[in-house]
Amino acid sequence: MLEITDVRAGYDRSSVLHDVTVAVPKDGVAAVLGHNGAGKSTLLRVAMGLLRPKGGRVLLDGEDITRLAPHQRVARGMAYVPQGQQSFPHLTTAENLQLVADGRSNGKEAVAEALDLFPVLRELSGRRAGLLSGGQRQQLAIARALITSPRLLLLDEPTEGIQPSVVAEIEETVLALSRRGGLSVLLVEQHVGFAMRAAQRYYILEAGRVTSSGEGGAQAEGAVREALSV
Amino acid sequence: MTVILNQSFTGISIGAVLLLIALGLTLTFGQMGVINMAHGEFIMAGAYTTYVLQQSISAAGLSLLVALPLAFLVAGTLGALLEWLLIRRLYTRPLDTLLVTWGFSLMLQQLARDIFGAPNVQTRAPDLLTGHISVGGVTFANSRLFILGLALLCVLGLTLVLRLTPLGRRIRAVVQNRDLAEVSGIASERVDRTTFFIGSGLAGVAGVALTLVGPIGPTMGTNYIVDAFLVVVVGGIGQLKGSVITAFVLGVLQAVLEYSTTISVAKVAVLVAIVAFLQWRPQGLYTLRTRSLA
């Protein structure tokens, strides 16, 4: 589905990613794990087109999308939930969702489906997103991404900094989405247990390099924890 | 009492002019953060559009009506061109933007001199707008009432576009978080150009209105640019309602001070008041509260 091949990337003169290769299987989940500063978010920014790589390629279903703008990638079926519960703070919850639905033939249904996933957002539709709690903003961010009916969803630490009750809800939603078919997921996550339950394949990133990778699943959790504890 | 009411109307009419010239800036400077020194020249372009139209349409009323949308298009196109040619390359470099747009403004002034000559020109106001009406001893100049109506209409139109239309949502989204807007499927560069088109177009409409209260000349925009920036800054960057309130408050303040002193003293006093206000409240009249700016 998505192939990130030999990618080198960084900010100004500093290099963050060094020849990183990661693949997301079709209708499957690939998890990228690693400590803070390993380059996980940078990898997603490259995948989404927010950061142009200094080398390497990004392929979506075989098409080279390395030089495409982010909105062009969205048009090709990619969606991205960035780190930090990002929203448009001065737009209401409803406007945050409608913004993405505008111009889509199935926009109304897509918004309704997204709200069915996170019913709390329905009650908060008139509230400005900047006034929502962190958990509510993260639910809004995931809902917004799903309105584009993506084939590939990039999730950057969806449970980071969220109260535990909402974390469970978000984890269940991500697991359910990844299992319903027609959607591939590239998941960056610190919670090893959740990541390994969701992923068919994992990659461990350390200092901008893939140091370990393998088949996912709960049985691989021990090996991943060990690799990360080094 | 009549004097107070007369001066209040004068102040409101000054405020309406301030509002019209600042309205476009609430988008290009207030929303996008671009210090566009050529905004005054877009006002000038709107004014000259009115002048050119009157050469071919002799009926002053009709030419004024046609001039409003045409000036919007002319000034808007100039703005979109400026954004596409120069500003889009300089979004992260505000000082360079200031210099480049200032250079662009000088070019437009010279272009106007080459085409229309250096001396000021005049347009004929429609008969309907040349008179005045008196209510209880208070005199309302028709042209000033027209400008007030036009300013309020533009505010209403801009508010509706920003609040209720997909374009408005896209404009606000790009302003608040460009990267997030892009990954939400919004072509942010196209939105930037459209925003600049509308902001500059509104300057053109202001130019049409200004032909009713003064002469048209190559440097007319320069006279208004500082006032326009002051209205937007004092109102609170990106806050339309702040700009509306500020324009009318400054207008009334100016009129009251002009009555009790002189025009020059009033100007200085208003500037001092603005400086004192910004010392006390640097963020301007209005700001939006959020838990997080992410």
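1. Basis of the model. The structure is a predicted model, in which local features need pLDDT of at least 70 and side-chain atom pairs count only at pLDDT 80 or more, while totals for chains, interfaces and linings use all residues. Residues are numbered from 1 along each chain as its sequence is written, and chains are lettered from A and ligands numbered from 1 in the order in which they are written.

2. Elements of chain B. Chain B contains 12 helices and 2 strands; these are DSSP runs numbered from the N terminus, with helices being H or I of at least four residues and strands E of at least two. From the N terminus on, their order is α-α-α-α-α-β-β-α-α-α-α-α-α-α. The radius of gyration of chain B is 19 Å, close to the 19 Å that the globule rule gives for 294 residues, so chain B is as compact as a globular protein of that length. This radius is taken over C-alpha atoms, and the rule is 2.2 Å times the number of residues to the power 0.38.

3. Burial in chain B. Of the 294 residues in chain B, 48% are buried, a residue being buried if 20 or more other C-beta atoms, placed from the backbone, lie within 10 Å of its own.

4. Contact between the chains. Chain B contributes 21 residues to the contact and chain A contributes 27 residues; two residues are in contact if their C-beta atoms, placed from the backbone, lie within 7 Å. On the side of chain B that touches chain A, α7(B) gives the most, with 6 residues. That side has 9 nonpolar, 6 polar and 6 charged residues. Here Ala, Val, Leu, Ile, Met, Phe, Trp, Tyr, Cys and Pro count as nonpolar, Asp, Glu, Lys and Arg as charged, and the others, Gly among them, as polar.

5. Sheet of chain A. Four strands of chain A form an open sheet in the order β2-β1-β4-β5, with antiparallel pairing; two strands pair if DSSP finds at least two bridges between them. β2 and β5 (63-64) of chain A stand at the edges with a single partner strand each, so one side of each is left without a neighbour in the sheet.

6. Hairpin of chain A. Strands β1 (residues 2-11) and β2 (residues 14-24) of chain A run antiparallel and are joined by 7 bridges. A:L17 in β2(A) is the bridge partner of A:A9. The two strands β1(A) and β2(A) form a hairpin with 2 residues between them, and A:D12 in the turn has a positive phi of about 50 degrees.

Definitions and conventions
Buried ≥ 20, exposed ≤ 12 C-beta atoms within 10 Å, placed from the backbone.
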